[in-house]
Amino acid sequence: MTLRKAVRVAVRSMTPNRPYHVQWMITRKCNYRCKGCNVWQEQEKEELSTEEIKRGLEILKDLGVIEIVFSGGNPLLREDAGEIIEHASRFFVTTVYDNGSMAAEKVETLRDVDFVAISIDSLDSAKNDYIKGVKGAWKKAMHAVETLHSEGISVSVTPTISQFNLYEIVDFTNYFLQKGIPIWYCLYSYDFCSDTSPLFKIGKLNDEFLITDRKAMVNLCSSIIELKRKNSNILMTSKMLEAIRNLYMENKRTWKCHALRNFFMIDHLGRVAGCHLHNSVASVFDLPRVWNSENFNELRKTYNECARCTYLCYIFYSLHGSVLGNMQIAQERWKSAKLFLKRNNARHQGSAKKQ
């Protein structure tokens, strides 16, 4: 992260009443067949053009967005992914998700991003490949992590915690922490919204993955909290982990959803919703006109009362997407100034060697 960009991000993070986080699912094309996901079964070729996405990014910058995550589908399947990522990386803390199939081939495309998130769900290759629905997926993903890490690109792994891998997550975490690889957890969830036309359908109920051992989940959260005290490469805040532990221990949510306030979603056609479970409410190109509208304020009240999902990114930014929340992130996760510095130093050393 350049000093100029860091200053821009810091100023925006201290400005109240701005959205912190946007996840932009820039494609609905995918090359895997994950068991807990139905995107690969409902793929679409239509998507915004490069210039339309760039125009949307300029709107998000003016709106005050700090962090953007590109996902899909697999965003790296877009031929213009490099151009989109380069543009976004100038202004936002930028994360790119990959299922592990393409990142190793896209090193130069990913060199300027702040985080690359590689999806790996188990240290057991056969188990991981079963989840991904593609033979050899584990080997490719591990190679991607090793390649990006050696290139000085800030790569993290993002296991989706489910009943299928619940009992191995501590060992999984220790394995990557020992290698200096940061971890961001996802939590198995599925779409069960009553809205007539949700923004982006992702997953249907799969009993194989639905967490039924609540005690084990509580113990897992406690173990991760303890590990986090010793290792800042766990990219979840303690507040977040405690909230999830409380959810499974007491079936009580200690947060209100702040969709369309702290965060929102954009799909491959530029449609916007507070989260992917709800109907689209605008186009990204309409946001300057509607962001402070009465309609959006009413929608925020509706989202605020929603208690139907356990998608960790939505919970995280409901807990932290404010000036105070940004300061908490800065205190915990951005010990990350260290992560950025390590990565940038590695980049410069790598560039020097090439020269």
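**Close-up views of a predicted model**

Gly 73 lies in the loop between strand 2 (67-71) and helix 3.

**View 1. A cis peptide bond joins Gly 72 and Gly 73 in this predicted model.** The omega angle of this bond is about 15°. In general, most peptide bonds are trans. The loop that holds Gly 73 runs between strand 2 and helix 3, and helix 3 itself, residues 81-89, is shown in the next view.

**View 2. Helix 2 (residues 50-63) packs with helix 3 (residues 81-89).** Two packed helices are described by the angle between their axes and the distance between the axes. For helix 2 and helix 3, the angle is about 15° and the axes are 10 Å apart. Because angles under 35 degrees count as roughly parallel, helix 2 is roughly parallel to helix 3. Their crossing is right-handed. Helix 2 contributes Thr 50, Glu 51, Ile 53, Lys 54, Leu 57 and Glu 58 to the contact, and helix 3 contributes Glu 83, Ile 84, His 87 and Ala 88. Sorted by class, the contact of helix 2 with helix 3 comprises 4 nonpolar, 2 polar and 4 charged residues.

**View 3. Helix 8 (residues 214-230) packs with helix 9 (residues 238-250).** The axes of helix 8 and helix 9 are 8 Å apart and form an angle of about 165°. Since angles over 145 degrees count as roughly antiparallel, helix 8 is roughly antiparallel to helix 9. The crossing of this pair is left-handed. From helix 8, the residues in contact are Arg 214, Met 217, Val 218, Cys 221, Ser 222, Ile 224, Ile 225 and Lys 228. They meet Ser 238, Leu 241, Glu 242, Ile 244, Arg 245, Leu 247, Tyr 248 and Met 249 of helix 9. The contact of helix 8 with helix 9 holds 10 nonpolar, 2 polar and 4 charged residues.

**View 4. Asn 251 has a positive phi.** Its phi is about 55°, although Asn 251 is not a glycine. In general, most residues other than glycine have a negative phi. Asn 251 is found in the loop between helix 9 and strand 8 (263-266).

**View 5. The second largest cavity has a volume of about 110 Å³.** The structure holds 3 cavities of 30 Å³ or more. The second largest cavity is lined by 13 residues, of which Arg 253, Cys 257, Cys 306, Cys 309 and Tyr 314 are the closest to its centre. Helix 12 (residues 312-320) supplies the largest share of this lining, 3 residues. By class, the lining of the second largest cavity divides into 9 nonpolar, 2 polar and 2 charged residues.

Note on methods: Residues numbered from 1 in each chain as written. Predicted model: local features only at pLDDT ≥ 70, side-chain atom pairs only at ≥ 80, totals over all residues. Heavy atoms only, no water. Axes fitted to C-alpha atoms, helices over the stretch in contact; angles between N-to-C directions. Helix = DSSP H or I, 4+ residues; strand = E, 2+ residues; numbered from the N terminus. Parallel < 35°, antiparallel > 145°, perpendicular 65-115°, else oblique. Left-handed = near helix turned anticlockwise from the far one by under 90°. Contact = heavy atoms within 4.5 Å. Nonpolar A, V, L, I, M, F, W, Y, C, P; charged D, E, K, R; others polar. 1 Å grid on protein atoms, 1.4 Å probe; cavity = no way out; pocket = protein on both sides within 12 Å on 5 of 7 lines; lining within 4 Å. Points joined across faces, edges and corners; volume = space filled by probe spheres on them.
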